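Subject: Handover of a structure and its findings

Dear colleague,

Please find below the structure that I am handing over to you. The findings follow directly after it.

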Amino acid sequence: MSTQPPSLGAHHGLPPVKLYTETVPTVRMWTDLLERYGPIAPAEIEPGATGWLVLGFEENRRVLTDTATFARDPGWWRELQDGTIGPESGLRALYSKRPSAVFCDGEEHQRYRKAILTAFAQLSEQQILHHVGEAAGLLIDAFCLHRKADLIAQFARQVPLTVLCRLLGLGPGDTAEVCAAMQTVWEAGPDAPAARQELEQLLIRFSQEKRRNPQNDIISGLIAAGMDDAEVCGQVTTLISAGDEPVTQLIGNTLRMLLTDRTTRGEFQSAVSMINETVNTSLWRDPPFAMVVGRYPTRDVTIGQYHVRRGDCLVLGYGAAHADLIRRGSKDMLGANRAHLAWGAGPHTCPEAGRQMALTIAETAVEKILQRLPDIQLAVDPDQLKPIPSMSIHGVVELPVVYKASAPEGARGGSQLWARPQSTMASVERQNPTRPPSRGGFLSWLLPTRQKP
Ligand code: HEM
């Protein structure tokens, strides 16, 4: 690789975009980047790790779909392989190759993706509806008498993981352990490599248990589809990473839209089809994943005005791609034809079952809030809502609301909630006001800071 021609990026004289700085992405910010750099910008992914941020809609689509030129397998990532990205790096903890659908191409990818689809196929929509209805109901019961709540910490952050863990077949204690380990990995600090090992050991243990005692859940489904324990661990880690955070933001962003946009709220309040439409609008306006690492050219290639080298890391810019469509006034973008990239594109696109699960969880959760707390109002001026300081995740830190007290529905059948402890970046700040929000490492910009239980 040392014989490769130098990247032309250096000759354009524009500084790399630092992806790890605390910048809140807005359509305006993406538009500025598009105007300054064109459809692709040189980037620094974490200090010392270089790459490219793909900004244009067509360029993102090309990178996602041209599988002959752009690989998903991080084995192609030069700086990860040559040690430029060191052993203590958050990037390494998160993006080193593992036996999972998101780290491979071709036949290997098809095998993992097929196993995930097979495991999903045995889940019914009724099952998902049941879990989300129950989780949402119990969460609302916990605050419906209080007349005020933070819908991010007390609701949006709780619902998806509760549902996901139940569908995976994990019990309360298991879920708490998985959450704690996963959180440390996400924080990408010095404890991340040990937490990654701990998480893998936990998931391998669950896989062994389910192998002995299979049930109607995703882990048993993956085993039935021929996955060994390490492969079960790889797919489950992917499902939790892929399924929890974006659905949290989708619920939060949709509720925020309904609470801040009176017209939307007035028109959409109770009609389920309108809630669906608001969720979809939220997806293209605020794609929960604004950026995704990575794709790796398998040969030197020109994108926009830049020459990108084989083995460079490309960061997909879904938020920028949508801003590109908006600024060009494209008709493709909006509502009905769902031409947005929020679900990705190409062979690694979010599986239909994952999308349906996300939409079912988000729509049901939002509907429950509107049904149970019909007079709900934002407790602060919309301008006071603090965006998550991350270029990668679109959402707000807190969503404080007020409403008239309403009676709890009551727990049915001894049900209990056992998702993650309630914490938000804002609560971290409150407890430790001197600590700046999210400076922990790579994932401090990729995901909001979480606390250990
Ligand atoms: C609003 C919620 C969601 C959004 C915005 C979303 C978005 C995405 C995107 C953009 C990708 C492609 C990443 C890439 O190209 O590298 C993806 C992949 C994936 N998503 Fe989703 N997702 C959501 C929910 C879910 C849920 C609930 C699940 C299942 C529990 C799920 C499972 C997956 C899987 C397994 C992949 C990897 C597919 C592959 O590599 O073949 N997603 N998702």
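Helices are DSSP runs of H or I with at least four residues, numbered from the N terminus. Please bear in mind throughout that this is a predicted model.

The ligand and its surroundings

The ligand is surrounded by 24 residues, and the closest are Gly243, Pro246, Gly344, Cys350 and Gly354. At least two residues of this shell come from each of helix 5 (106–121), helix 12 (229–243), helix 13 (245–260) and helix 17 (352–372). The greatest share is that of helix 12, which gives four residues. By class, the shell comprises 17 nonpolar residues, six polar residues and one charged residue. Domain 1 (1–104 + 290–341) and domain 2 (106–286 + 346–446) each provide at least three residues of the shell around the ligand.

Helix 8 and helix 12

Two packed helices are described by the angle between their axes and the distance between the axes. For helix 8 (residues 159–168) and helix 12, the angle is about 155 degrees and the axes are 10 Å apart. Angles over 145 degrees count as roughly antiparallel, and helix 8 and helix 12 are therefore roughly antiparallel to each other. Their crossing is right-handed. On the side of helix 8, the contact is made by Pro160, Leu164 and Leu168, which meet Val236, Leu239, Ile240 and Gly243 in helix 12. This contact of helix 8 with helix 12 holds six nonpolar residues, one polar residue and no charged residues.

Helix 6 and helix 17

Helix 17, which also supplies residues to the shell around the ligand, packs with helix 6 (residues 125–143) at an angle of about 35 degrees, with the axes 9 Å apart. The crossing of helix 6 and helix 17 is right-handed. Among the residues of helix 6 in this contact are Glu125, Val132 and Ile140, while those of helix 17 include Met357, Lys368 and Arg372. By class, the contact of helix 6 with helix 17 has nine nonpolar, four polar and three charged residues.

Backbone details

Most residues other than glycine have a negative phi, and most peptide bonds are trans. Two places in the model may be noted in this regard. A cis peptide bond, with omega of about 0 degrees, joins Val293 and Gly294; Gly294 is found in strand 6 (residues 291–297). Arg147, a residue other than glycine, has a positive phi near 70 degrees. Arg147 is located in the loop between helix 6 and strand 5 (148–150).

Yours sincerely

Conventions: Residues numbered from 1 in each chain as written. Predicted model: local features only at pLDDT ≥ 70, side-chain atom pairs only at ≥ 80, totals over all residues. Near = placed C-beta within 6 Å. Nonpolar A, V, L, I, M, F, W, Y, C, P; charged D, E, K, R; others polar. Domains from an automatic or database assignment. Axes fitted to C-alpha atoms, helices over the stretch in contact; angles between N-to-C directions. Parallel < 35°, antiparallel > 145°, perpendicular 65-115°, else oblique. Left-handed = near helix turned anticlockwise from the far one by under 90°. Contact = placed C-beta atoms within 7 Å.
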